[in-house]
Every structure is written in C-alpha cells, then in structure tokens.
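Here is a note for a colleague who is new to reading models of this kind. Please keep the view open while going through the points.

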Amino acid sequence: MSSIVRKVISTKKCPKALAPYNQAIVADRTVYCSGVLGMELDTLKLVPGGAAAQTAKALEHLTNLLSEAGSGIDKVVKTTVLLGDMNDYATVNEEYKKVFNSSFPARTCYGGVKLPLGAAVEIEAIALTGSVNLEALQFATKKFAAKKFATKTFATKKFATKTFATKKIATKKLATNTFATKKIATKKFASE
C-alpha cells in the first residue's frame, strides 16, 4: 500500500498563523488552506476600509498561499466564506468575483460570525495541485446545463398538457352537470 504525502505549507507572503494551526496542508494532491483574514503582513492588523478591502486582501493572501502549495485560484474546488455581518454579503461577492472570475468553486457562506480581531471576512479554501483538466469540467457543466434545460422544458410541457387535460375534463364535467341540472329542471317543470 502506498503512502499519502502530507506537507505543511508556510509562506512569509501571508500573515502568520494567530493560533496553533498551519497556513495550509497538502495531502496527496489536495490543498487545505486555513481561513485567511485581510491583514497587513508587517503589522498583522486588519487593513482599513471594511469588508471590501479586507476581502481583497484576504483573497490576495489566499492566492499567494495556493501558489506556494503548487496550486492556484483556478484549481480551487471549494471555499468557505465567513462574514462578521451578513449585510456585507454583496460587497464581499463583488471582490470575490474579481478573483474567481472564470470558474466559480463550490462555496459555503456563514454570516453573523464573531471573527478573530473583529474581522469582517475570513476565507478558507480547498484546491487541487498538479495538472487539472478544466476543459472537461467546463464541458461537463455545459452538458449538464443543456440536459437540465431540456428536462425543465419537458416538465413544463408535461405540466401544461396535464393542466390542459384537467381543465378539459373539468369543463366537460361541469357541462355534463349543467346539462343534467337543466334536464332535471325541465322535467320537473313539465310535470307541474
């Protein structure tokens, strides 16, 4: 049985860890990045400017950390975004889209979290290393989207047909009931 490589990643291009954890760990071909804050390297204080500035800086640090691990933003498969205030969601997304602009990774976002140093945002990531065939992923996504659209179209047609049939049956039933009522009323009137 072959062993899996576990490598600790540490770089001076990112803020040092504030607690007992590593900046990142590479296990086999997967990089697990710890949460990154938008901090200045020299002072280890949060950058001024709130959520937008902190997000931009955190993503800069994340990019450097991934590079040190032999990966990159284009190989990120999952991020977790922690927000101190959910009202910063749109602002953080604007900065996020500047970095993850071609193929968005899967993502989870939590709001209302008390973050270290009172930060507005913290971002962690899981990424791949080595050669990654992105074209196959994009093709699969396009194929899935086309299939999803076709299924949705079929379901809509099926629903429309069912609705039409139900209305047709209901109309026929109503007409039959109305006719029967008129026939009964006419019979009753004729007998009096």
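1. Is Asp42 buried or exposed? Asp42 is exposed, because its relative accessible area is 68%. The scale used here calls a residue buried under 20% relative accessible area, exposed over 50%, and partly exposed in between, with a 1.4 Å probe and protein chains only. Asp42 sits in the loop that links strand 3 (30-37) to helix 1 (50-68). Its C-alpha atom is 8.3 Å from that of Pro15, although the two residues are 27 apart along the chain.

2. A word on the basis of this note. The model is predicted, so local features need pLDDT of at least 70 and side-chain atom pairs count only at pLDDT 80 or more, while totals for chains, interfaces and linings use all residues. Residues are numbered from 1 along each chain as its sequence is written, and side-chain values use heavy atoms, with hydrogens and water left out.

3. The overall make-up. The protein has 3 helices and 6 strands, in the order β-β-β-α-β-α-β-β-α from the N terminus on. Helices (H or I, at least four residues) and strands (E, at least two) are DSSP runs, numbered from the N terminus. Of the 192 residues, 28% are buried. Among contacts (heavy atoms within 4.5 Å) with a separation of 6 or more, 69% are between residues 24 or more positions apart.

4. The 6 strands form an open sheet with mixed pairing, in the order 1-2-3-6-4-5. Strand 1 (6-9) and strand 5 (106-110) are at the edges; each has a single partner strand, so one side of each lacks a neighbour in the sheet. On average, neighbouring strands are turned by 15° against each other, direction ignored. Such angles are taken between axes, which are lines fitted to C-alpha atoms (for helices over the stretch in contact), and run from 0 to 180 degrees between N-to-C directions.

5. The pairing of the strands. Two strands pair if DSSP finds at least two bridges between them. Strand 2 (residues 24-27) runs antiparallel to strand 3, with 4 bridges; Ala24 has Cys33 of strand 3 as its bridge partner. Strand 3 is also antiparallel to strand 6, over 6 bridges, and here Thr30 is the bridge partner of Leu128 in strand 6. Strand 4 and strand 6 are joined by 7 bridges and run antiparallel; Val76 is bridged to Ala127 in strand 6.

6. Which strands does helix 1 touch? Helix 1 packs on the sheet against strand 1, strand 2, strand 3, strand 4 and strand 6 (121-128), and its direction makes about 150° with that of strand 3. Helix 2 (residues 89-99) lies across strand 4, strand 5 and strand 6, at about 150° to strand 4.

7. Helix 1 in detail. Its 19 residues should span 27 Å at 1.5 Å a residue, and the end C-alpha atoms are 27 Å apart, which agrees. The expected span is 1.5 Å times one less than the number of residues. Buried residues of helix 1 include Ala51, Thr55, Ala58, Leu62 and Leu66. An α-helix has 3.6 residues a turn, so residues three or four places apart point the same way. The buried residues of helix 1 pack against helix 2 as well as strand 1, strand 2, strand 3, strand 4 and strand 6. Gly70, which follows helix 1, has a positive phi, near 80°.

8. Two loop residues. Ser71 lies in the loop between helix 1 and strand 4 (76-83) and is buried, with a relative accessible area of 14%. Its side chain reaches the backbone oxygen of Leu128 at 2.5 Å. Beyond four places in sequence, Ser71 has contacts that include Val31, Ala127 and Thr129. Thr11, in the loop between strand 1 and strand 2, counts as buried because its relative accessibility is 10%. With residues up to four places away left out, Thr11 touches Gln23, Leu65 and Glu68.

9. Cysteines. How many disulfides are there? The count is 0, where a disulfide is a pair of cysteine sulfur atoms within 2.5 Å. For Cys33, the nearest cysteine sulfur belongs to Cys14 and is 8.4 Å away. Cys33 is buried, at 5% relative accessible area, whereas Cys109 is partly exposed, at 23%.

Notes: A polar contact is a pair of N or O atoms within 3.5 Å; within protein, one must be able to donate a hydrogen and the other to accept it, and residues adjacent in sequence count only if both atoms are side-chain atoms.
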